Amino acid sequence: MTERWETGDFWPAEAVADWTLRDVLLLARRYLWWLILVPFFGALGGWIGSMLQTPVWEARTQVLVTRSSTTGTDAELLQYVNLRDLLYTYKDLLSEPWVREELVRRLGGEAISSKQVRVTIPRQGLLLQIATRDADPLRAQQMADTLVQILIEQHQALQEERYRTEEERLTRQIDEIRLRMESLQQALASAPEGLDPVQQEQLQKELDLYRQLYLNLLDKRETIRLHRLYNVPNVIQVRPAQLVPDPVAPKTMLNIAMGGVVGLFLVAGVIFLRESLNQTVRSEEDLRRLHVPLLATIVETEPFSEGEGPQVWLNPQSPYAEAFRVLRTNLEFLIASRDLRLFLVTSPGPGERKTSLAANLAAIFAQAEKRVLLVDADFRRPRVHRVFGLSNRVGFSTLFRHADLSLQQVFYRWKDSSLYVMPSGRLPPHPAEVLRSPRTAELLQQMRSAFDLVILDVPPLMVADAMILAAHVDGVLMSVVLGQTHRVALRKVLEPFRQTENTLAPLLGLVAFLPAGERAAHDGYYTYYTYYTYYKQADTQTGD
């Protein structure tokens, strides 16, 4: 989990590429009729198309390319005249447009396309395989045999050109070495009597080396000339063109299969496009791909009413409250291992349940006999006072304007419990500048000393206020809403936390909210909801 998080590989380029088998099966069930009908009509179209096509026949022949019948051929000569290279040369030659034009000139009839002539070379051996296709089986055979005749005619000219090119290359090398030898001979002849013997010996050795090279090249050139004189054609047709017993096209079964496959890929592409255009976080799997801890998933089963307090306080036996107990348990392990006492709650964007998370989390910790202070540090759109039905006349912002005030003068105790609530107070004109002041660290330290746990409800991370406060707390908790939080926004707000050098508090994890209206689209959470409903009923029956 932490390895890919530390390296920054926390979100794939396309989340669709990381779908699980369960995701694919759910989509297949949703689009079942499309997955059946579209491939069926595709296969039907392939069958109809095959019935409408004209049968195509194929003739095949083979050409053997052998070495020259002259004797004395050695390994050095093969270096220049390589028969495997000749095979590829012949293949390219027979693929030329002018060869097909010559076929039409000799045989008559319609023009011949490149698809009607196929030339292949096996991995081993010296065979050239030629296949020709035509609606007329007799013409297909004639095309293959005529291609062999054209190849044999061109072979002699090609071999002549090959030997001539090689001889010219050797002649150029001989001339260059001759000039170098003459230069060295002149240098030795005109050398002064006092020339260093070592230099004179070096010049003589270089001259001897060039003489040896000169003789070798002369020998090679004479060998090439000898083979050029006795060269004979070495392209032999193994057998006349043979016709394939059955038409090679159309391939009815293949066309039916291809039509079905194309239809399947078409409907799959439409499904893929439709799902990939959905840029929201859709499931827990999407969040796990972030490689950030997912601390809890909260299924919203009850309507939220402002002014009555947190839902976990109003209905402590509800599945909603039980989900927050799971979250509390997970956080208690982190708190105990890292000595966390002050953390903030935020979200990637507005309307993503950060205040609900902060208020209910504070209440659930208070139910565990913890002295908890909930601070509304959102100087943009404060909502904590609405949740608890409190006045927002004084609060957190008041402590910045009046340094002589104490914490006790601006927070409220909730219903004689261990939960204390500090509203935001009147909104300052420049929230970011207020929070940047040294007074922020001083107030947060006082809160840390006075309470077991301090929870700050701050603006979304797209606002600078949240980043400022994230540098003064012990940890950050982020809420997301399945089906609402955008992937791009979530990726951007997580970027600062994955950087190795930053002053921000560590990201403790994510808390996912599943709205009641989205539960049908995420049927995997139905089991989750049913489990807690059963748990609640069992508690009622046993009286626990």
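1. Start with strands β7 (residues 372–376) and β9 (residues 419–422): they run parallel and are joined by four bridges. Val372 has Leu419 of β9 opposite it. Strands here are DSSP runs of E with at least two residues, helices are runs of H or I with at least four, and both are numbered from the N terminus. Two strands count as paired if DSSP finds at least two bridges between them.

2. Before going on, a word on the source. This is a predicted model, where local features need pLDDT of at least 70 and side-chain atom pairs count only at pLDDT 80 or more, while totals for chains, interfaces and linings use all residues. Residues are numbered from 1 along each chain as its sequence is written, and side-chain values use heavy atoms, with hydrogens and water left out.

3. Back to the sheet that holds β7 and β9. It is an open sheet of eight strands with mixed pairing, in the order β5-β12-β11-β6-β10-β7-β9-β8. Its edge strands, β5 (294–299) and β8 (412–413), each pair on one side only. Helix α12 (residues 319–338) packs on this sheet and touches β5, β6 (342–346), β10 (453–457), β11 (475–481) and β12 (507–514). The direction of α12 makes about 165° with that of β5. Helix α19 (residues 487–498) lies across β11 and β12, at about 170° to β11. For these angles, axes are lines fitted to C-alpha atoms, for helices over the stretch in contact, and the values run from 0 to 180 degrees between N-to-C directions.

4. Now the other sheet. Four strands make an open sheet with antiparallel pairing, in the order β2-β3-β1-β4. At its edges are β2 (117–120) and β4 (235–243), each pairing on one side only. Neighbouring strands are turned by 15° against each other on average, ignoring direction.

5. Which strands does β1 join by bridges? Eight bridges link β1 to β3, running antiparallel, and six link β1 (residues 57–65) to β4, also antiparallel. Val63 has Leu128 of β3 as its bridge partner. On the β4 side, Arg60 is partnered by Gln242, and Val65 stands opposite Val235. Helix α5 (residues 83–94) lies across β1, β2, β3 (127–134) and β4, running at about 15° to β3.

6. Is Asp465 buried or exposed? Asp465 is buried, because its relative accessible area is 0%; buried means under 20%, exposed over 50% and partly exposed in between, with a 1.4 Å probe and protein chains only. This residue is found in helix α18 (residues 464–470). Leaving out residues up to four places away in sequence, Asp465 touches Arg380, Pro431, Ala432, Leu435 and Pro459. Contact means heavy atoms within 4.5 Å.

7. For contrast, look at helix α3 (residues 32–52), where Trp47 is found. Trp47 counts as partly exposed because its relative accessibility is 40%. Trp47 belongs to a nonpolar surface patch with Leu32, Trp33, Ile36, Leu37, Phe40, Phe41, Leu44, Ile48, Met51 and Leu52, with about 1,200 Å² of accessible area together. Patches are made of residues with over 30% relative accessible area and no salt bridge, joining like charges within 9 Å and nonpolar side chains (Val, Leu, Ile, Met, Phe, Trp, Tyr) within 5 Å. A salt bridge is a side-chain nitrogen of Lys or Arg within 4 Å of a carboxyl oxygen of Asp or Glu.

8. Finally, the whole chain. There are 20 helices and twelve strands, and 42% of the 544 residues count as buried. The accessible surface comes to about 28,900 Å², of which 55% belongs to carbon and sulfur atoms; areas come from the Shrake-Rupley method with a 1.4 Å probe, and for residues only the protein chains shown count as cover.
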